Amino acid sequence: MKRRNFLALTALVPLAGCGVGNDPLANSSASPGASGPPAAGTIAVGSANFTESMVLAELYAQAMAAKGVQATTKQGIGSREVYIKALQDGSVQMVPEYGGNLLQYLDQNNPATKPAEIEQALGTVVAGQGLAVLKASQAADQDVYCVTSQYAQQNGLQSLSDLKKIAANAALGGPAELKDRPYGPPGLEAIYGAKFKEFRTYDAQAVKVKDLLDNKVQVATFFTTDAAISDNNLVMLSDPQQMILPQQVIPLVRAEVKNNAAAVQAVDAVQAALTTEDLTALNKQVDADHLDPKKVAGDWLKSKNLA
């Protein structure tokens with residue numbers, strides 16, 4: 001099945017609401033007061049619960065603060081279902097997002113496939129929800145399926161098309177929300193004919209990597225900016241049907257944020273300077289070198305004269 005045909009079918013199925021009924025900021029790691037709306041005039045930047053999102057949130061917040069905007073962070077809110085609700089109820093005003101995945105989540109049947117098309121489509125789609133997007137960055141971070149080099153060689157794996165050879169006897173590992181994503185197990189089965197024996201949920205990347213190396217799971221999802229891929233010589237499987245859309249970094253904001261010229265200019269400057277290589281290096285400083293995302297972001301901003 002082609003990707004577009006699959007998305008047309010999934011558009012008829014309601015999205016699973018992981019955490020939709022919960023307090024979106026119940027697990028926030030932000031400063032005191034993070035459990036409610038930010039102080040008047042403050043832009044609270046939320047993040048998902050993975051390293052890169054937390055670093056991006058710090059980049060945006062610190063860049064705005066350097067330009068005189070009252071900004072704070074509310075880190076580790078949760079998955080897309082949760083932080084979009086937080087945006088809509090005003091608990092946060094901005095979150096870092098990824099173009100293709102966000103569009104696929106909000107409008108599964110949208111035909112956009114190229115970065116510029118996705119950015120344009122998102123502007124229209126989110127406007128109907130009282131939200132907006134700022135400028136997309138050249139920096140991109142794709143979801144990617146990986147296997148060990150030994151497993152790839154043993155089973156002749158180069159692309160997602162090859163997974164149908166091993167899926168029935170293999171375990172797939174990834175974050176809990178992947179289970180219902182159109183680029184997760186549903187897409188792998190419908191588009192590539194790969195139905196896995198088991199799906200294992202991982203919150204900690206270190207555990208996921210260890211289980212992959214120990215052959216407890218045979219395939220796992222990563223982000224292309226994860227240092228774990230090169231550090232462990234993992235093989236990234238190609239996606240010939242483009243099941244996973246281009247993932248340029250793009251800030252998702254409440255509509256009124258676009259009226260704050262200083263905030264928009266500060267974040268746009270980060271977006272313009274940021275590269276995929278920067279994202280990879282920043283992630284590694286947090287995950288491998290165990291530095292604080294706040295320090296990592298601050299050092300990068302100073303190196304670019306943005307703070």
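How many bridges join strand β6 to β7, and do the two run parallel or antiparallel? Select residues 171-174, strand β6: 4 bridges join β6 to β7, and the two run parallel. Strands are DSSP runs of E, at least two residues, and helices runs of H or I, at least four, numbered from the N terminus; two strands pair if DSSP finds at least two bridges between them.

This is a predicted model, in which local features need pLDDT of at least 70, side-chain atom pairs count only at pLDDT 80 or more, and totals for chains, interfaces and linings use all residues. Residues are numbered from 1 along each chain as its sequence is written, and side-chain values use heavy atoms, with hydrogens and water left out.

Now show the whole open sheet, 5 strands in the order β7-β6-β8-β5-β9 with mixed pairing. Its edge strands are β7 (198-201) and β9 (234-236), each pairing on one side only.

Next, select Arg-80, in helix α3 (residues 80-88). Arg-80 counts as buried because its relative accessibility is 7% (buried means under 20% relative accessible area, exposed over 50%, partly exposed in between, with a 1.4 Å probe and protein chains only). Beyond residues up to four places away in sequence, Arg-80 touches Glu-97, Asn-101, Leu-102, Tyr-105, Arg-181 and Tyr-183; contact means heavy atoms within 4.5 Å.

Finish with helices α2 (residues 51-66) and α12 (residues 293-303), whose axes come within 8 Å and cross at roughly 55 degrees. Axes are lines fitted to C-alpha atoms over the stretch in contact, with angles from 0 to 180 degrees between N-to-C directions. Among the residues making the contact are Leu-59 of α2 and Trp-300 of α12.
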